[in-house]
Amino acid sequence: MTTLTDPDDLIWMRRALALARTVMYTTTPNPRVGCVIVRDGRVLGEGATQPPGGPHAEICALRDAAARGESVQGATLYVTLEPCSHYGRTPPCADAVAAAGPARVVVAMGDPNPQVRGQGLARLRAAGIAVTSNVCLDEALEINAGFVARMSRGIPWAWVKMAASLDGRSALHNGVSQWITGEAARADGHAWRARSCVVLTGMGTVLKDNPRLNVRAVETPRAPRKAVVDGDFAIPEDARLFDGAEVIIFTARTDAGKAARLAARNARVVALPGQQAGRVDLPAMMRWLGEHEFNEVHVEAGAGLGGALMSAGCIDELLVYLAPVLLGDAAAMLRLPLIEHLDHARRLEFTDTARIGPDLRLRARDSTRWQALREAAMCR
């Protein structure tokens, strides 16, 4: 691991990170990566990873430089993820970078993919290219937490999105919850939907709200998939979420006839029965999602499923929108088991607060899990 000494590295790496953020909605299951090639304070070429099957960020930047008539020999290449070293849908980026001949490559974080994991940097060094690593590591990890989670632990990075009153209530006792927060908070929540690979809800929400689970408040060329936890396989066949987009139904019970009818509506039924009758094995569901290349899971569900996922250790982060309103004796955000001692409380770490219109957005995550991701993403 090398130590950052040049302030210019921060400037250019943050430009590469800004490029990575422009493809937040399009690269899954691949990581979001940006690349900038610089000489003497001047950009020679830049780019970001294209949708699956398209060129990676380094190739886009090299092509951009060529289109400008620029040679990158002796330049510095900034990239937010270690260049890949294996043949997938595209050839190894590390080889293309080495052939282009920059004097130096600056990398934000390593690639935890077992097929890469340091081999990309090793190829660059073997070609005589100086490598500086772990520049803006935490910022890069924020963009690709789901990819790093799937590659390093086999399951996605999952968050629960909740809207609540200032006294922590998510709905009235009669079930009314639309709308506790304002329009700006709802739009921001749709941006989080859009960046995820799948929007997950439970049967209670389907029956109560009949949601579409799609992205409406922001433009995205790639819609996340939809999923429902439905232990009894009771989902109505005329539910609004069956709009032609793929829907995954996780259930504990099977009904071949109903499954066939729903398959005709682009629904996939996955039976994962848990130890308790009629309950889905939630950790097995997360493993299934990891095996099927889902990087990030956005949960919008009631207090029951949200609490069950949290209790089962399936949630890494909370995304909470608090409205400046008091609802009193009403439904809680999460239904969790009773504890007798504060030592048994699950403690999270606040990572971000922001005003979103009249509301407040809070993010809190499991710091131990985040540190594990950081370790997995660190170049050594």
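Colleague: Not counting residues up to four places away in sequence, which residues does Glu58 touch?

Modeller: This is a predicted model, and Glu58 is the residue that an unreviewed UniProt entry lists under "active site". Glu58 lies in helix 2, which covers residues 57-67. Leaving out residues up to four places away in sequence, the residues that Glu58 touches are Cys35, Val79, Leu81, Glu82, Pro83, Cys84, Cys93 and Val97.

Colleague: Is Glu58 buried or exposed?

Modeller: A residue counts as buried when its relative accessible area is under 20%. The relative accessible area of Glu58 is 3%, so Glu58 is buried.

Colleague: How many disulfides does a search of the whole structure find?

Modeller: A disulfide requires a pair of cysteine sulfur atoms within 2.5 Å. For Cys379 the closest cysteine sulfur, in Cys136, is 13 Å away, which is too far for a bond. The search of the whole structure gives a total of 0 disulfides.

Colleague: How are helix 6 and helix 12 oriented to each other?

Modeller: Helix 6, residues 145-153, and helix 12, residues 367-377, pack with their axes 10 Å apart and at an angle of about 80 degrees. Angles of 65 to 115 degrees count as roughly perpendicular. The two helices, helix 6 and helix 12, are therefore roughly perpendicular to each other.

Colleague: Which residues of helix 12 meet helix 6?

Modeller: From helix 6, the residues taking part are Ala145, Val148, Ala149, Ser152 and Arg153. By class, this contact between helix 6 and helix 12 has 7 nonpolar, 1 polar and 2 charged residues. On the side of helix 12, the residues are Arg369, Trp370, Leu373, Ala376 and Ala377.

Colleague: Against which elements do the buried residues of helix 6 pack?

Modeller: Helix 6 is mostly covered, with 7 of its 9 residues buried. Those buried residues are Ala145, Gly146, Phe147, Val148, Ala149, Arg150 and Met151. They pack against helix 5 (137-143), strand 6 (157-165), helix 10 (282-291), strand 12 (296-299) and helix 12.

How values were computed: Residues are numbered from 1 along each chain as its sequence is written. This is a predicted model: local features need pLDDT of at least 70, side-chain atom pairs count only at pLDDT 80 or more; totals for chains, interfaces and linings use all residues. Side-chain values use heavy atoms; hydrogens and water are left out. UniProt positions are given in the numbering used here, feature names are shortened, and annotations may be inferred rather than shown by experiment. Helices (H or I, at least four residues) and strands (E, at least two) are DSSP runs, numbered from the N terminus. Buried means under 20% relative accessible area, exposed over 50%, partly exposed in between (1.4 Å probe, protein chains only). Contact means heavy atoms within 4.5 Å. Axes are lines fitted to C-alpha atoms, for helices over the stretch in contact, and angles run from 0 to 180 degrees between N-to-C directions. Angles under 35 degrees count as roughly parallel, over 145 as roughly antiparallel, 65 to 115 as roughly perpendicular and the rest as oblique. Ala, Val, Leu, Ile, Met, Phe, Trp, Tyr, Cys and Pro count as nonpolar, Asp, Glu, Lys and Arg as charged, and the others, Gly among them, as polar.
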